[in-house]
Amino acid sequence: MTDPAPILDLIEAFRRSKTMFAATALGIFDGDRPKGAATDRLLDACVALGLLEKRGQEYVNTPVADDYLRSSSPRTLSGYVRYSNSVLYPLWANLEDAAIDGTHRWKQTFGEEHSALFANFFKTEESKRDFLMGMHGFGMLSSPAVVAAFDLSRFRRLVDLGGATGHLALAARERYPRMTAAVFDLAGVIEIAKEHAGDRVELIPGDFFQDELPPADLYALGRILHDWNEEKIRRLLARIHAALPAGGGLLIAERLLREDRGGPVATHMQSLNMLVCTEGRERTLSEYTTLLREAGFQEVRGHVTGAPLDAILAVK
C-alpha cells in the first residue's frame, strides 16, 4: 500500500491556513485575546502550529509570528493574510467553476463585479489597504533579490509602474545609490505609498494603461503582468517600449514556471489564484520572452532568485 501521507496532508492543509487567517483577523498576534467559548482552542492550535508559545497562562508570539503576523512589524504579511481570509478564501471556494469557464469568480462569490479589475480589489478603503500592505510584505521579501538579479548600475532613472508602496524603488535606491527612482500608480495608491516611501522616491499618480509614462531609462513591473491577458500585456509592453530610449530596460518581477511546467508548486498555486481573481496567469520565461520580443525588446534574460518573485530584464 502506498503512503497516504501526501493526501492526508492536503486534506488538512486548508485547516492550518484558516487557523492562521482567523487568529490574524481576531488580532491574536497583536496581543488581543477576544472572549469566546472556544478561543482557547484557537490559541492552542496556534501553539501547535508554531505561531504562539505558552508561558504559564499567557500566550506570546513566536519569533516568526512576531516578524510576519504582528501588524506593526516592518516585515508584516498580516495585510495579505487578512486579504487572503476575506477575499481569496471565498474566491477559491469556486475554483471548479473557474477551471471550467476560465474566468475569475468575483460576481459568483460576492454577488457583484466591477468592470475595472482593481475596483474589485479596492472595494473599500480597508480592502485596498490590506491588499497593498500584503503586496508590501511580499515586496520586502522579494524586491532586494529582484534588483540584485542583474547589474543595473548603468541605468540612471527607474520608474516602477504600479509600484504600490515603493518597496522595489526603495530597494533599487539602496543597491544603486546613483539611481533616482519613482513610483507611478493610481492616485489612491500613492496616498498610501507616502506612508512608506516618504520623500526617498518620487511618487507620481497615474494609470499606466492610459496616461503618459514618466521618462525613465529603466521601467519596472512587479506582479503586474500576471494580472492581465495577452492582449492587455501586449498593449502595456508596447507603451513601455515606445517610452524607453535606445538601450533602456524593463525589469519584471514575477514567479516563473519551469519550461516543462512541472513546477514550482508555489507558482502553480499562484497561477490558480490568478484564475479565480484576475484575467491573468503565471508564465514561463519563454512565454514572457515571446511577448517582450513581439513588443520590440531585443535582449531578454531571466533569473530565478530563490525569493518569492523571480526577475526578467529586457533591453530595447
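**Note on a predicted model: a glycine loop, helix packing, salt bridges and cores**

1. Leaving aside neighbours within four places in sequence, Gly 198 is in contact (heavy atoms within 4.5 Å) with Ala 193 and Leu 203. Gly 198 lies in the loop between helix 10 and strand 5 (202–205); helices (H or I, at least four residues) and strands (E, at least two) are DSSP runs, numbered from the N terminus. Gly 198 counts as partly exposed because its relative accessibility is 38%; buried means under 20% relative accessible area, exposed over 50%, and partly exposed in between (1.4 Å probe, protein chains only). From Gly 198 to Glu 294 the separation is 96 residues in sequence and 37 Å in space, C-alpha to C-alpha.

2. On the basis of the values: this is a predicted model, in which local features need pLDDT of at least 70 and side-chain atom pairs count only at pLDDT 80 or more, while totals for chains, interfaces and linings use all residues. Residues are numbered from 1 along each chain as its sequence is written, and side-chain values use heavy atoms, with hydrogens and water left out.

3. Helix 1 (residues 5–25) packs against helix 4 (residues 78–92) at an angle of about 115°, and their axes are 9 Å apart. Axes here are lines fitted to C-alpha atoms, for helices over the stretch in contact, and angles run from 0 to 180 degrees between N-to-C directions. Helix 1 supplies Phe 14, Lys 18, Met 20, Phe 21, Thr 24 and Ala 25 to the contact, and helix 4 supplies Ser 78, Val 81, Arg 82, Ser 84, Asn 85 and Tyr 89. By class, this contact comprises six nonpolar, four polar and two charged residues; Ala, Val, Leu, Ile, Met, Phe, Trp, Tyr, Cys and Pro count as nonpolar, Asp, Glu, Lys and Arg as charged, and the others, Gly among them, as polar.

4. The model has 19 salt bridges, each a side-chain nitrogen of Lys or Arg within 4 Å of a carboxyl oxygen of Asp or Glu. In one of them, Arg 75 pairs with Asp 67, the closest N and O atoms being 2.7 Å apart. Arg 75 is partly exposed at 37% relative accessibility, and Asp 67 is partly exposed at 25%.

5. A salt bridge also joins Arg 129 to Glu 195, with the closest N and O atoms 2.9 Å apart. This pair links distant parts of the chain, with Arg 129 in helix 8 (residues 125–148) and Glu 195 in helix 10 (residues 187–197), 66 residues apart.

6. Arg 283 and Glu 230 meet through their side chains in a salt bridge (3.1 Å, N to O). Arg 283 belongs to strand 9 (residues 283–284) and Glu 230 to helix 11 (residues 230–243), 53 residues apart. Arg 283 is buried, with a relative accessible area of 1%, whereas Glu 230 is partly exposed at 23%. Salt bridges with shared partners join Glu 230, Arg 261, Arg 281, Arg 283 and Glu 287 into one network.

7. The largest nonpolar core has 30 residues, and those with the most contacts inside it include Leu 161, Tyr 219 and Leu 250. Such a core is a set of buried Ala, Val, Leu, Ile, Met, Phe, Trp, Tyr and Cys residues joined through side-chain atoms within 4.5 Å. Helix 11 gives the most to this core, with four residues. A second, separate core of 29 residues includes Val 146, Ala 172, Met 179 and Leu 313.
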